[in-house]
Amino acid sequence: MIDTLSQSAIDTYQRCARRFYLRYVQGLDWPAPLTSSELDFEQAMRRGEHFHLLIQQHTLGLDVTPMVEASEDQILRDWWQRYLNQAQALIPSTARAQFSEVELGLGLAGVTLVAKFDLVVVDAEGELVIFDWKTGVPRTAQQLSATWQTIVYCFVATECGGQLVDPASASPTPVSPESVRLTYWHAREADQPVRLPYDEASHEQAHRRLSAVIMELKDLVESGEESAFVRTPNEGECRHCPYRSYCERGRVAGPEMEPEQLLGVEESMRVVEGSNDLED
């Protein structure tokens, strides 16, 4: 039975139903290396995790300067300076409230759809400005707007954002879709933030798409048929898949990659979610 779903789980399913089954239904460990340069990959993962932690602590009012100065990672130090010089300027100066690493969830089609945000700011007009910090390969606004992350984040923020706008209310109401904005900021392209607006039409479309994919997933899981979770026809997806040995699609990892190129790695390295998004 499906319990909870995140954008990472849905995206995994869309990329490869078999990978979804092995990771979320069976809960199997990742037996194969992600890349042929595991040391470099792990270093990039740790750097991304450290960077997000610095931002979280800084948002909470802690002085992280000693941590940054003590780091021997020049790339991390450069990212931090870009964050201070450029990312902070994007945060509304008239913010009524800020919520760092906040998680919201709602019931949809019989499951709990969850989203964990890097930062949500409630501005002076009560609008919600979502920030997501990226450290991997930058993507265009068109690419980002089509991701499940964007769809889930904006949908959940609209449905549950009243909890942040009016936390004292016993029954907060949803916020209007037009009052939700999502900003992606890439450490590598610090002066090119991607701002994505949201509206009622987008919200209705998100509701339809999410409901459909959730019902599809539930039917597959409840059928109990492992064979229903077919392997992706795109074997290029398998080159960095840690489950490729289960599918007899090779044991040798592909060449170097960025952590964010593999779905769920960024979430995993930030300990956003564990391996129990679904329960069978």
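**Exercise 1.** In this predicted model, find E101: which strand does E101 lie in, and is E101 buried or exposed?

*Solution.* Start with the location: E101 belongs to strand 2, which runs over residues 97-108. Next, check the relative accessible area, which is 17% for E101. Buried means under 20%, so E101 counts as buried. While you're there, look at the backbone: phi of E101 is near 50 degrees, a positive value in a residue that isn't glycine.

**Exercise 2.** Now go to A109 and work out where A109 is placed and what its phi is.

*Solution.* A109 sits in the loop between strand 2 and strand 3 (111-122). Its phi is positive, about 55 degrees, although A109 is not a glycine. For the surface, take the relative accessible area of 27%: A109 is partly exposed.

**Exercise 3.** Which residues of helix 5 are buried, and why are they on the same side of helix 5?

*Solution.* First, get the helix: helix 5 covers residues 74-87, so 14 residues, and spans 18 Å from first C-alpha to last, close to the 20 Å expected at 1.5 Å a residue. Then pick out the buried ones: L76, W79, W80, Y83 and A87. They're on the same side of helix 5 because they cover an arc of only 100 degrees around the axis. The general idea: an α-helix has 3.6 residues a turn, so residues three or four places apart point the same way.

Finally, check the start of helix 5: a side-chain oxygen of D73 comes to within 3.0 Å of the backbone nitrogen of I75.

Conventions
Residues are numbered from 1 along each chain as its sequence is written. This is a predicted model: local features need pLDDT of at least 70, side-chain atom pairs count only at pLDDT 80 or more; totals for chains, interfaces and linings use all residues. Side-chain values use heavy atoms; hydrogens and water are left out. Helices (H or I, at least four residues) and strands (E, at least two) are DSSP runs, numbered from the N terminus. Buried means under 20% relative accessible area, exposed over 50%, partly exposed in between (1.4 Å probe, protein chains only). The arc is that of the directions from the helix axis to the C-beta atoms. A polar contact is a pair of N or O atoms within 3.5 Å; within protein, one must be able to donate a hydrogen and the other to accept it, and residues adjacent in sequence count only if both atoms are side-chain atoms.
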